[in-house]
Each structure stands twice: as C-alpha cells, then as structure tokens.
Amino acid sequence: ETWVSGSRVERDVVSWNAVIASCAERGLCKDALQLFRQMVKQRVTPNRFTFLTILKVCAKRAAVLEGRIIHACVVESGLSGDI
C-alpha cells in the first residue's frame, strides 16, 4: 500500500505525525483529524507530538467535543504532564 508519491512508507508514529502535522500546517484540519482517527484505528500509539498537533487542530476547528475526547486520551496515556 502506498502513502506518498508511490513510495512505500512504514506507518509508525513518526510517519503518522509527519503527515498529520503537514495537513495541520496547510489548514487541512478535517484531513488531520481523519488521519488521527485512522492512526488510532490501526493501533499506532499517539505520542506527545501527536497529541499536541491534534489538540491544536481541534482548537482551530473549535471542535470542543473532539478536543475533550482527545484530552481524555492524553490523560489516560499518562502524558498529561508533558502537554
């Protein structure tokens, strides 16, 4: 399965973060949230960078409910002191 310009990319947390952050920086907040959901669905564990990026996306979109759900995930992950 390809991800970027026909090249094969391992879908680890670093590659997910890169694509999610790229969408967020370009203002593609809906896409960033969709990618985050896919990442979690594929059982890739979000890290501090993932959560910071996706919470910023929620703030940009005024997505309060999604932001609260993601914040709960942050607390559950034990990273709340880092974010």
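I take a helix here to be a DSSP run of H or I at least four residues long, with numbering that starts from the N terminus. On that basis I find that threonine 50 lies in helix 3. I note at the outset that this is a predicted model.

**Entry 1: the whole chain**

I looked up the secondary structure and found four helices and zero strands in the protein chain, so that the elements, read from the N terminus on, run α-α-α-α. Of the 83 residues, 33% count as buried. I also noted an accessible surface of about 5,600 Å², with 53% of it belonging to carbon and sulfur atoms. Among contacts with a separation of 6 or more, I see that 48% are between residues 24 or more positions apart.

**Entry 2: threonine 50**

Is threonine 50 buried or exposed? I find that threonine 50 is buried, since its relative accessible area is 1% and the cut-off for buried is under 20%. Its side chain is joined to that of asparagine 17 by a polar contact of 2.4 Å. When I leave aside the neighbours within four places in sequence, threonine 50 is in contact with Val13, Asn17, Phe36 and Met39.

**Entry 3: the nonpolar core**

I then turned to the largest nonpolar core, which has 20 residues, and noted that Ile20, Ile54, Val57 and Ile70 are those with the most contacts inside it. Helix 1 (13-25), helix 2, helix 3 and helix 4 are the elements that give two or more residues to this core, and helix 2 supplies the largest share, six residues. As general background, nonpolar side chains in soluble globular proteins tend to be buried together.

**Entry 4: helix 4**

I followed helix 4 over residues 64-77, and its 14 residues reach 20 Å from the first C-alpha to the last, close to the 20 Å expected at 1.5 Å a residue. Which residues of helix 4 are buried? I find Gly67, Ile70 and Val74, and, seen down the helix axis, the buried residues fall within an arc of 70°, so they line one face of helix 4. An α-helix has 3.6 residues a turn, so residues three or four places apart point the same way. The cover over the buried residues of helix 4 includes helix 2 (29-41) and helix 3 (48-61), whereas Leu65, Arg68 and Glu76 are exposed on the other side of helix 4. Just after helix 4, I noted that glycine 78 takes a positive phi of about 85°.

Definitions and conventions:
Residues are numbered from 1 along each chain as its sequence is written. This is a predicted model: local features need pLDDT of at least 70, side-chain atom pairs count only at pLDDT 80 or more; totals for chains, interfaces and linings use all residues. Side-chain values use heavy atoms; hydrogens and water are left out. The expected span of a helix is 1.5 Å times one less than its number of residues. Buried means under 20% relative accessible area, exposed over 50%, partly exposed in between (1.4 Å probe, protein chains only). The arc is that of the directions from the helix axis to the C-beta atoms. Contact means heavy atoms within 4.5 Å. A polar contact is a pair of N or O atoms within 3.5 Å; within protein, one must be able to donate a hydrogen and the other to accept it, and residues adjacent in sequence count only if both atoms are side-chain atoms. A nonpolar core is a set of buried Ala, Val, Leu, Ile, Met, Phe, Trp, Tyr and Cys residues joined through side-chain atoms within 4.5 Å. Accessible areas come from the Shrake-Rupley method with a 1.4 Å probe; for residues, only the protein chains shown count as cover.
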